[in-house]
Structures are given as C-alpha cells and as structure tokens.
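Subject: Structure handover

Hello,

Here is the structure we talked about. My notes follow below it.

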Amino acid sequence: MTEIVEIYKAYNGTGYYCLMFIAALLYLWFTEEDKHLRLLLVIVPTVIQALFFIPYFYMAYNMLDEGTYYRILWLLPMTLVIAYSATRAIGTHTRVGVAAVAVILAISGTYSYVGATFSVAENAYHLPDELIELCDMVRPEEGKERIWAAFPPKLVHYVRQYTSEIMMPFGRDSMVDTWKRLDNPLYDEYMRPVMRADELAIQATEYNCHYCIIDKEKELEGDLSGEGFELFGETEHFLVYRNKSVPFAEDI
Amino acid sequence: MVTSIIALTVILIAIPYCIGLLPAAFIEPERRIPTIVYVMGFIFSIAIFELITVPVIVVKGDGFPLVVGLYLGVECFFAAAGLIVYNFKAHRLKAQGAPVKKEKREYTKDEMILWIFVAALVLFQMIMYVCMASFDGDDAYYVVEALLSNETDTLYRIKPYTGLTTGMDLRHALASEPIWIAFIARVTGIHSTVVAHSVIGLFLIPLVYFVYYNCGLLLFGREKKSLPIFLIFVNVLYIFGNVSIYTSATFLVTRTWQGKSMLANLVIMSVIWLLLAIYGVDREEEDRPELGYWITLFMISIGAAFCSTSSVFLIAMLIGMYGLIMAIVKKDVQIALRLMITCVPLVAYGAMYLLI
C-alpha cells in the first residue's frame with residue numbers, strides 16, 4: 001500500500017491536480033444532474049481511482065508490466081473532469097471566472113516549458129549543433145561502409161538520431177544503471193575521472209573504433225598521439241582522434 | 001520544401017479526413033463535423049498501419065519499402081471508399097428531404113474573444129514544440145528506430161543504441177509508431193528525427209484538442225459560450241501540467257512524437273470521447289445512428305498497440321472497467337457485452353504479448 005501511495009504522490013509531483021480532480025469529482029457528484037454524465041465522468045472514474053489503491057490490483061498489474069503502474073492514472077480523465085467542472089462552476093461569471101480559474105490552475109501546476117530537460121532548439125533535429133558538426137566530420141562519404149566511433153557518454157543519446165552510418169561501441173544501454181548491461185571496458189574508461197590514453201587506445205582498437213571523440217574538459221593521462229592515434233579535427237568542446245590501427249573497410 | 005508540405009498535407013490531413021468519412025457516414029448527420037471526421041479518420045489510419053506493419057515486421061526484416069507501398073495503397077483505397085460511402089449517404093439524405101446546408105452560426109463578441117484565446121493557446125504549444133528541444137532518453141531508441149527503418153529499410157533488426165544487428169524483439173515490434181514516423185519521413189523526404197522533433201507535433205497537438213473539442217460538444221451541447229471556456233481550461237492544464245515526469249500533460253509536452261504520449265493523450269481520450277458519444281445521451285429516447293462510433297472504438301482496439309505494448313492492456317482495462325461499471329449501475333448486461341466485443345483485438349494482442 002505504501003508503494004502505491006508513493007506512486008500516487010510521485011504522479012502528483014509538485015502540483016495539486018490530483019486534489020483538484022477529487023474536488024471536481026465531489027463537485028460533480030453533488031451538482032451534475034445528467035445521469036449519463038454522472039456515470040461516465042464521476043462514478044466510473046471514482047471506481048477506477050479506488051481500484052488504483054487496491055494492493056491486489058497493483059500486484060496483478062505488475063505481472064503484466066512492472067514499473068509503469070502510474071499509467072493507470074492516465075485512464076482517469078483528470079483534465080476533462082477538472083476543466084468541465086470548472087466551466088460549470090463559474091456559471092455566467094465568464095470574464096472574472098475564466099481569469100480566476102486559469103490563474104488557480106496555473107498556480108496549482110508547473111509551467112511545462114522549463115526545467116533541465118528543456119532548451120532552445122538549435123536546429124530542426126533538436127540535436128546540439130556541435131554534435132552535428134562532429135558527426136559530419138566522421139561519418140562516411142555516401143556509398144562507403146559505416147564507421148565505428150566512440151563518443152563521450154553525454155553525447156551517445158544523440159549520435160544515432162542524426163545518422164545511422166555511425167556505429168557505436170556503447171550507447172544508452174550501457175548508461176542506465178537499472179538495466180542489465182554487458183561489461184564494456186571502453187565505456188568504463190570514458191567514465192573514469194581521469195582517462196588513460198594507453199588503455200583507451202587498446203580498448204578503442206579492440207572495439208574496432210575508427211574514431212574517438214574526447215571531451216576537452218576531461219583530463220587525459222598520457223598522449224593519444226603516441227598510441228597510434230592522430231588528431232583529426234576539433235570543435236569548441238571536443239577533440240576528434242583517428243585511430244590509425246583500424247583501417248576503413250574500403251582500405252582493407 | 002513545397003513537395004514535402006504537399007506530401008504532409010496529403011498523408012496527414014487529406015487521406016485521414018477522407019477515411020474518416022467512412023465511419024462518419026454512420027453517425028448523426030449533425031455530428032459529421034470536420035473535427036469528428038478527422039479524429040475518426042486518424043484513428044482508422046493508425047489501425048490500418050498497425051494491421052499492415054506488424055505482420056511485415058515479423059516475416060520480412062527488410063520489409064520497410066513493402067510497408068510504405070502497402071500502406072499507401074490501402075490508405076488510398078479506404079479514402080476513396082470514405083468519399084463514395086459518404087456521398088452516397090449524403091445524396092440519400094438529400095433525396096429524403098433533409099436540409100442540405102447547416103445554418104450559419106453567429107458568434108457574439110465574447111465568444112469570438114474566447115475562441116481567439118483557445119486558438120492562441122494551441123498555437124503557443126505548437127510554436128513551443130518547434131522552438132524548444134526536450135531531451136528524452138527514450139529517443140535513443142524510438143527516434144533511432146524510425147531513422148534506421150528509413151535509412152536501412154529494416155524493421156527492428158538493428159540495435160538502435162549501437163548499430164549491431166539483432167533478432168526481432170516482438171514486444172517492441174508490436175508498437176509500430178516509430179515505423180509510422182519513418183513512413184512519414186520516407187514519403188515526405190524529411191529526415192526522420194526532424195519529423196519526430198519538428199513536424200509531427202504540429203499535427204498531433206491540434207488533434208488532441210480536437211478530441212477535447214469533440215468531448216466538449218457532447219458535454220455542453222447548445223451552451224455556446226461554455227465550449228471555448230472549457231477548452232481554455234484544458235489548454236491551461238496542459239501548459240501547466242508538468243507537475244511530474246509521469247502525467248499525460250508532461251508526456252504531450254516533452255515527448256509529443258512518442259507512442260506513449262499518443263496513448264496517454266490521444267487514444268485514451270478518444271475512448272472516453274466515444275463512450276461519451278455512445279452512452280452520454282439518452283439511448284432509450286433517441287433512435288440515433290451510432291455504428292460509426294462503434295467502428296471507431298473497434299479500430300482503437302486494433303490500433304492500440306501502435307502506440308505502446310502496454311496500451312493493449314491499458315485500453316482493455318479502460319473499456320472493460322467502463323463496461324462493467326456501467327452494466328452494473330444501469331443493470332444492463334448488454335453494455336458490458338457490446339464493449340467486450342470491441343476488445344477482441346486487444347485480447348489477441350494481449351495473448352501474443354504474454355506468450356512471447
């Protein structure tokens with residue numbers, strides 16, 4: 001039961017929409033005269049909400065899809081019921097009513113377009129410009145074989161959204177702690193506070209990487225140039241090294 | 001650019017609209033308005049896509065060109081069928097002496113202002129969708145899967161994270177939404193990631209509000225002023241609905257292009273709209289045609305898995321719970337039985353899901 005309450009609280013987050021939904025249900029319970037709407041918008045959602053808190057229902061759901069129990073709350077027409085009851089509640093006081101309710105709803109919620117996940121789009125791909133610059137630098141010419149490149153973990157989500165012609169020795173599947181992942185020494189090397197040039201070179205060659213992209217801010221012990229790599233190019237925040245030990249498919 | 005816009009207009013507006021005329025021919029004539037026809041057609045279209053794509057994914061790993069050809073052909077067929085059936089029905093109504101043109105609706109100044117607010121709020125969200133980038137880790141799977149299909153013609157046979165080849169993962173493959181993004185990219189010539197992040201939301205965001213508009217029509221009937229007020233509140237709830245990472249509003253704003261967002265905001269709301277359309281009125285008192293709503297509900301069952309595999313049991317639960325509770329309250333077992341019939345495709349998907 002505690003887990004269910006935690007899920008409910010997490011869903012509600014920083015807002016008060018769940019409380020508003022309950023208030024809207026109560027309001028409609030006492031004021032909605034249309035028996036059909038009462039059934040569809042009040043009685044059924046109330047029962048679904050009650051079911052949500054039943055531990056057996058939670059256990060049964062987890063057998064189908066673990067970790068997504070919050071999606072049961074999607075089945076509640078919260079937005080519809082809150083907006084409908086608010087419209088009913090303001091009655092004929094249109095101007096004041098709309099303004100007052102809109103302000104209350106806004107204050108009770110959280111503005112959607114802020115937060116760490118949002119940034120002004122740099123291009124139509126919604127990928128960082130610098131990532132596109134890096135990918136264009138290393139991607140194969142048209143008609144040539146795909147290449148392998150190791151990118152710093154903070155870029156791996158984006159690379160293959162831009163082009164599938166760049167293959168990667170590790171991707172998002174290596175980064176999510178809760179997922180079972182295969183050991184990837186190259187990824188582990190990238191994650192070290194201080195990367196070692198010799199170990200990086202060995203692992204990059206082991207994974208047949210034609211290129212290694214290094215974050216300029218990251219400390220690198222040793223010199224990749226002495227490990228069979230050459231500086232191929234750079235962008236504002238990254239260095240691109242070509243691994244001379246791994247030839248391109250066309251050159252074999 | 002012009003060709004891409006024309007292609008987008010044809011495959012995302014014209015064809016779904018014409019297809020929507022097919023179920024719309026079987027509802028009340030006064031309800032055959034563009035928002036209802038378009039929502040019905042869109043649901044029909046994604047159901048067709050799911051029906052065509054999943055078998056191709058299973059039997060032909062490099063079958064993306066086949067999906068594109070088949071889907072275009074079938075869509076055109078149903079669009080033509082929609083036009084023919086709708087016109088046939090309209091002619092028959094005309095022959096029966098029904099009024100051809102609807103009365104022109106007069107708007108008061110207050111109503112006009114309210115509707116301008118509604119339009120501005122929806123437009124604001126569309127602009128933000130294009131101008132603001134939202135990072136979501138799942139894009140490394142879903143958007144890349146769309147890009148892979150478009151660039152390599154393969155269907156779920158390459159690991160999106162790295163690029164290595166892999167066996168088919170049917171649990172993910174049941175949800176064909178990324179392939180639909182790839183289809184749009186192929187037909188329009190726009191990069192799949194651009195389609196996902198800068199194009200598709202321009203259609204999906206208004207579509208979600210069309211569903212709410214359709215609900216509002218049923219809730220407020222002739223109360224002209226209430227409908228735009230209701231829609232303003234819905235908009236505010238979405239614009240300020242990012243209270244946690246789990247809400248449907250957050251999904252619409254931060255992952256507009258993903259199937260999960262379509263499930264939370266479009267498919268689930270469409271089911272509720274259809275239930276309102278079917279059971280929100282006095283059925284005993286009116287002998288009204290409602291077959292079109294039932295067809296659409298059935299198509300939702302077929303297309304549910306398009307968005308996400310979890311939508312199979314979520315939609316089944318939603319329809320099942322509504323059916324059961326309404327049957328108990330109204331003491332009418334037929335309600336539950338009829339709704340259960342619409343769930344047959346969901347049961348089939350569920351069996352596949354559990355057996356894999």
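In chain B, residues 24 or more positions apart account for 70% of the contacts with a separation of 6 or more. Two residues are in contact if their C-beta atoms, placed from the backbone, lie within 7 Å. For chain A, the corresponding share is 57%.

Some ground rules. This is a predicted model: local features need pLDDT of at least 70, side-chain atom pairs count only at pLDDT 80 or more, and totals for chains, interfaces and linings use all residues. Residues are numbered from 1 along each chain as its sequence is written, while chains are lettered from A and ligands numbered from 1 in the order in which they are written.

Chain B

Chain B has 16 helices and 1 strand. Helices (H or I, at least four residues) and strands (E, at least two) are DSSP runs, numbered from the N terminus. Along the principal axes, the C-alpha atoms fill a box of roughly 60 × 45 × 45 Å.

Of the 356 residues in chain B, 56% are buried. Buried means 20 or more other C-beta atoms within 10 Å of the residue's own; exposed means 12 or fewer, and partly exposed is in between, with C-beta atoms placed from the backbone.

Helix 10 (residues 226-239) has 14 of its 14 residues buried. Helix 13 (residues 291-307) has 14 of its 17 residues buried. Helix 13 also has a kink of about 40 degrees, centred on Ser301(B). The bend at a residue is the angle between axes fitted to the seven residues ending there and the seven starting there.

Chain A

Chain A has 10 helices and 8 strands. Its radius of gyration is 27 Å, well over the 18 Å that the globule rule gives for 252 residues, so chain A is more spread out than a compact globule. Its C-alpha trace spans about 80 × 45 × 35 Å along the principal axes. Of its 252 residues, 36% count as buried.

Chain A holds an open sheet of 5 strands, order 3-2-5-8-7, with mixed pairing. Its edge strands are strand 3 (166-167) and strand 7 (229-234). Two strands pair if DSSP finds at least two bridges between them. Strand 7 pairs with strand 8 (residues 238-243) in the antiparallel sense, over 5 bridges. Leu231(A) stands opposite Tyr241(A) of strand 8.

Where the chains meet

In total, 67 residues of chain B are in contact with 60 residues of chain A. Helix 14 (residues 310-330) of chain B gives the most to its side, with 10 residues. That side of chain B has 44 nonpolar, 18 polar and 5 charged residues. Here Ala, Val, Leu, Ile, Met, Phe, Trp, Tyr, Cys and Pro count as nonpolar, Asp, Glu, Lys and Arg as charged, and the others, Gly among them, as polar.

Strand 1 (residues 118-120) of chain A and strand 1 (residues 132-134) of chain B run antiparallel, joined by 3 bridges. Phe118(A) has Ser134(B) as its bridge partner.

Val44(A) lies in helix 3 (residues 35-52) of chain A. Val44(A) counts as buried because it has 24 C-beta neighbours inside 10 Å. Beyond four places in sequence, its contacts include Met321(B), Tyr322(B), Ile325(B) and Met326(B).

Best wishes

Methods: The radius of gyration is taken over C-alpha atoms; the globule rule is 2.2 Å times the number of residues to the power 0.38.
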